[in-house]
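Q: Could we go through the helix contacts in this model together?

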Amino acid sequence: MHDAVTTKLNDTLKELYHMAIDADKKLAELRTKGQAKFNAVLREDSQFITKADHFLPYVAELVEELEILITVSEQEYQALLSRMVHKIQLLAETLQQFMRLPSA
């Protein structure tokens, strides 16, 4: 059962990776125009350890968590999976909202 979940998470992270690359390109363009002046893409209460002004480091954190998820005990699995799903949803929503913003 965990193999199917792991495969789905891996597929989702691949999608987020490609979305993050596009979003980071857009951020770089905005910054060349003096815009997008912030220190972190996500708020401090986002449950991410990462604090970055672009998206790819957040995807990297999720990839690390997936690697950990594969190795944890059954007890730890559910808690880590739940936190990871929440973080994936938050990052996906943020990426989608950001990409809908008009380019300057």
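A: Leaving aside residues up to four places away in sequence, Y58 touches A40, V41, L42, F48, T50, K51, A52 and L91, where contact means heavy atoms within 4.5 Å. This is a predicted model, in which local features need pLDDT of at least 70, side-chain atom pairs count only at pLDDT 80 or more, and totals for chains, interfaces and linings use all residues. Residues are numbered from 1 along each chain as its sequence is written, and side-chain values use heavy atoms, with hydrogens and water left out.

Q: Is Y58 buried or exposed?
A: Y58 is buried, at a relative accessible area of 0%; buried means under 20%, with a 1.4 Å probe and protein chains only.

Q: Which helix holds Y58?
A: Y58 lies in helix α2; helices are DSSP runs of H or I with at least four residues, numbered from the N terminus.

Q: How do α2 and α3 cross?
A: The axes of α2 (residues 56-69) and α3 come within 11 Å and cross at roughly 160°. Axes are lines fitted to C-alpha atoms over the stretch in contact, and angles run from 0 to 180 degrees between N-to-C directions. The two helices are therefore roughly antiparallel, the term for angles over 145 degrees.

Terms used
Parallel < 35°, antiparallel > 145°, perpendicular 65-115°, else oblique. Buried < 20%, exposed > 50% of the residue type's maximum accessible area, 1.4 Å probe, protein only.
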